[in-house]
Number of protein chains: 2
Amino acid sequence: MLSKKTKYGLKALTYIARSKEASTVSIGEIAESENIPRKFLEGILLTLKKSGFLGSKKGKYGGYYLIKEPADIMMTDVMRILEGPIAMVPCVSLNFYEKCDDCPDELECSVHRLMIQVRDSSLKVLRNNTLADLAK
Amino acid sequence: MLSKKTKYGLKALTYIARSKEASTVSIGEIAESENIPRKFLEGILLTLKKSGFLGSKKGKYGGYYLIKEPADIMMTDVMRILEGPIAMVPCVSLNFYEKCDDCPDELECSVHRLMIQVRDSSLKVLRNNTLADLAK
DNA sequence: GTAATTCCTATTAAATCTATAGGAATAATG
DNA sequence: CATTATTCCTATAGATTTAATAGGAATTAC
């Protein structure tokens, strides 16, 4: 399941990407427009800022703005920050690899092989979609 | 993330599928061989039985056996029983559809569109893999 | 100086997942 | 019939994760 965090984050990014004229977009505006709990969104946008997707301006009339072009923001990168690994099991994760406790040999593991296929198919989709696609 | 339940369930099914000669396979044998907590596995196999994947024989020398040919058991079906929806959000789920609280219009929702693509790519893989493939 | 905003940390509440406990029911075997 | 080995069933505890909130510090425009 996609966490609310990720869902809200993607919606917020989309909202900001669509607000082209505005120099900044405030948390309050996004929260209200997208029906996202304000305080929750606050933390999410902070994460996205620290990860280099968003810039911010403090104080009155402050808010957030995109640092890169929407077309240059791949969904793989956003998902990894908000949701964590793309892979469904750590033992097939490219960026968050971990060995399974129970499994003596990955190459023999049926789940491992299946989950590699799932991972690759998801990667394909997420690499192929940028924020520009979401904002369309 | 794939739950342990699903992971264990898939491993157990694979194990049973590989034990062709045996008329039944006991929980204890699977648990030991696959490093799965015995009591946990007990519940999982019971679920798989109730869902029509496995048959069982009680009493001494009892155990579980496959009801269908491995090649006829699609991963989509197993996953839906053990893990739940294939889709990452209920609003794009074919079998567990639910409307989002926050989203006034699904067709306008960027997350919705993206998650449809992810779902379809996962479905493709999971439909394309049967228990026979896992057991190879 | 005031109002509006981001920034930061901590905490609570709820849900879900993992695992275990304990025993009932069933079947094979000598 | 007694023993042993198994599935079947329900309940529950413990751990982890997620979702949301609280409260205030820092910053900026005007």
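Let me start with chain A, which has six helices and two strands. Along the sequence they come in the order α-α-α-β-β-α-α-α. Please keep in mind that this is a predicted model.

Now the overall dimensions. Along the principal axes, the C-alpha atoms of chain A fill a box of roughly 60 × 25 × 25 Å. Chain A has 136 residues, and 36% of them count as buried. Take the contacts in chain A with a separation of 6 or more: 56% of these come from residues 24 or more positions apart.

Next, the two chains together. How many residues of chain A are in contact with chain B? There are 26, and they meet 26 residues of chain B. On the chain A side, α1, α5 (110–128) and α6 (131–135) each supply at least two residues. The most come from α5(A), which gives 10 residues. By class, that side of chain A has 14 nonpolar, seven polar and five charged residues.

We can check its length. α5(A) has 19 residues, and at 1.5 Å a residue it should span 27 Å; the end C-alpha atoms are 28 Å apart, so the two values agree.

Which residues of α5(A) are buried? They are Ser110(A), Val111(A), Leu114(A), Met115(A), Val118(A), Arg119(A), Ser122(A), Val125(A) and Leu126(A). Looking down the axis of α5(A), these buried residues fall within an arc of 150°, so they line one face of the helix. As for what they pack against, from chain A there is α4 (75–82), and from chain B there are α1 (4–18), α4 (75–82), α5 (110–128) and α6 (131–135).

On to the core. In soluble globular proteins, nonpolar side chains tend to be buried together. Here the largest nonpolar core has 74 residues, and those that touch the most other members are Ala12(A), Leu41(A), Ala12(B) and Leu41(B). Take Ala12(B) as an example. If we leave aside its neighbours within four places in sequence, Ala12(B) is in contact with Ile30(B), Glu34(B), Ile36(B), Leu41(B), Ile44(B) and Leu45(B).

Now the DNA, and strand D in particular. There are 25 residues around DNA strand D, and Ser3(A), Pro37(A), Lys39(A), Gly59(A) and Ser56(B) come nearest. The elements giving two or more residues to this surface are α1 (4–18) and α3 (38–50) from chain A, and α2 (27–34), α3 (38–50) and β2 (63–66) from chain B. With four residues, α3(B) gives the most. The surface near DNA strand D has six nonpolar, 10 polar and nine charged residues.

Last, two backbone details. Most residues other than glycine have a negative phi. Tyr61(A) is not a glycine, yet its phi is positive, about 60°. Where is Tyr61(A)? It is in the loop between β1 (54–57) and β2 (63–66) of chain A. Is Tyr61(A) buried or exposed? It counts as exposed, because it has 8 C-beta neighbours inside 10 Å, and the cut-off for exposed is 12 or fewer.

The second case is Asn35(B), whose phi is also positive, near 55°. Asn35(B) sits in the loop between α2 and α3 of chain B. With 13 C-beta neighbours inside 10 Å, Asn35(B) counts as partly exposed.

Methods
Residues are numbered from 1 along each chain as its sequence is written. Chains are lettered from A and ligands numbered from 1 in the order in which they are written. This is a predicted model: local features need pLDDT of at least 70, side-chain atom pairs count only at pLDDT 80 or more; totals for chains, interfaces and linings use all residues. A residue is near a molecule or strand if its C-beta atom, placed from the backbone, lies within 6 Å of it. Ala, Val, Leu, Ile, Met, Phe, Trp, Tyr, Cys and Pro count as nonpolar, Asp, Glu, Lys and Arg as charged, and the others, Gly among them, as polar. A residue is buried if 20 or more other C-beta atoms lie within 10 Å of its own, exposed if 12 or fewer, and partly exposed in between; C-beta atoms are placed from the backbone. Two residues are in contact if their C-beta atoms, placed from the backbone, lie within 7 Å. The expected span of a helix is 1.5 Å times one less than its number of residues. The arc is that of the directions from the helix axis to the C-beta atoms. A nonpolar core is a set of buried Ala, Val, Leu, Ile, Met, Phe, Trp, Tyr and Cys residues joined through C-beta atoms within 7 Å.
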